[in-house]
Amino acid sequence: MLRRPASMPPGRFGPADLRLAFAAPRPAAGLTSEWRLVAGLRTHTRRGGDPGTGAPPVVLVHGLAVSHRYLTPLALALAASHPVYVPDLPGFGLSAHPDTAYDVPGHAAHLAAWLAAYRLPPVCLVGHSFGAEVAAAVAARHPDAVRAVVLAGPTTDPTSRSRRAQFGRWLVDTLREAPLQAPILLRDVWDARPWRVSATLTHSVRNAVEADLVRITAPTLVVTGARDPVVPPPWRSELARLVPDAREVVVPGAAHNVATTAPAQVAAAIRAFLDPSTTER
């Protein structure tokens, strides 16, 4: 069985991570794939088993150009303590492709329908990058379905709310990320098609995420990498201010893809957030 080295430091992503990311739909390291018809769309979900701890389910929501693949390290880090689900948003990963690229409200409506289809108790919703925008929208519009929210590397900083600015920050980030993530990005862009990624970027920069952030009533954790150029310190601080009673965790050494390259640290922060009695470091 493939396993991720538990001691891998922030900012690293190794060959074992890459193999596990590309495993779906085959079972690997306790993760399996399944498809359900959600709002008329065949939707793929990568999930772990129930560890029997009684802990709330954790649902991981991926970013705009990617899929469940790059969130696999975090899913595995959480699977020992929580039931974990990683759905592919419409048009991404192994989910069916609608004719149009969904905007944030469209993805939020689909994710809310996915939660209803799975009949889960209130979940901890973990969104990374564009996925944080979707998670915030779901939490604002469907508070009864969400027990807690984790916004990891959330977009979009209002001071750079344009396609050009975001692409520029992404280019800077690529210089700070582990190179072995590149095959995942290339495969995910190929699966989604470049036009969908481009259209989703447009939706992202046009989405005023602040309007959803101030409506979140669930406990919220903001997680960012200390070296993340997409989420600079001023925007990070503003996020924590906008969400009532939000907590903030900064992972040293990590860049934008903190959920991928620092899964042990992010998982520990999530566990401590959901259960303050947790003593993990």
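**Cores and cavity**

Mentor: This is a predicted model, and its largest nonpolar core has 43 residues, with Val59, Trp114, Leu120, Leu125 and Leu213 having the most contacts inside it.

Trainee: Which helices and strands each supply at least two residues of this core?

Mentor: The strands are β3 (58-61), β5 (123-128) and β6 (146-152), while the helices are α3 (104-118), α4 (130-141), α7 (194-206), α8 (209-213) and α9 (233-242). Of these, α4 gives the most to the core, with eight residues.

Trainee: And what is Leu120 in contact with, leaving aside its neighbours within four places in sequence?

Mentor: With those set aside, Leu120 is in contact with Pro57, Val59, Tyr85, Trp114 and Leu115.

Trainee: What other core lies apart from the largest one?

Mentor: Another core, of 33 residues, lies apart from it, and Phe13, Ala75, Val86 and Val266 are among its members.

Trainee: Which residues line the largest cavity?

Mentor: Its lining is made of Leu31, Arg46, Arg47, Gly48, His68, Thr72, Ala75, Val84 and Val86. At least two lining residues come from each of β2 (41-47), α2 (72-79) and β4 (84-87).

Trainee: How do those lining residues divide into nonpolar, polar and charged?

Mentor: Four residues of that lining are nonpolar, three are polar and two are charged. Ala75 and Val86, which belong to the core of 33 residues, are also part of this lining.

How values were computed:
Residues are numbered from 1 along each chain as its sequence is written. This is a predicted model: local features need pLDDT of at least 70, side-chain atom pairs count only at pLDDT 80 or more; totals for chains, interfaces and linings use all residues. Side-chain values use heavy atoms; hydrogens and water are left out. On a 1 Å grid over the protein atoms alone, a cavity is a set of points where a 1.4 Å probe fits but cannot get out, and a pocket is an open set with protein on both sides within 12 Å along at least five of seven lines; lining residues have an atom within 4 Å of a point. Helices (H or I, at least four residues) and strands (E, at least two) are DSSP runs, numbered from the N terminus. Ala, Val, Leu, Ile, Met, Phe, Trp, Tyr, Cys and Pro count as nonpolar, Asp, Glu, Lys and Arg as charged, and the others, Gly among them, as polar. A nonpolar core is a set of buried Ala, Val, Leu, Ile, Met, Phe, Trp, Tyr and Cys residues joined through side-chain atoms within 4.5 Å. Buried means under 20% relative accessible area, exposed over 50%, partly exposed in between (1.4 Å probe, protein chains only). Contact means heavy atoms within 4.5 Å.
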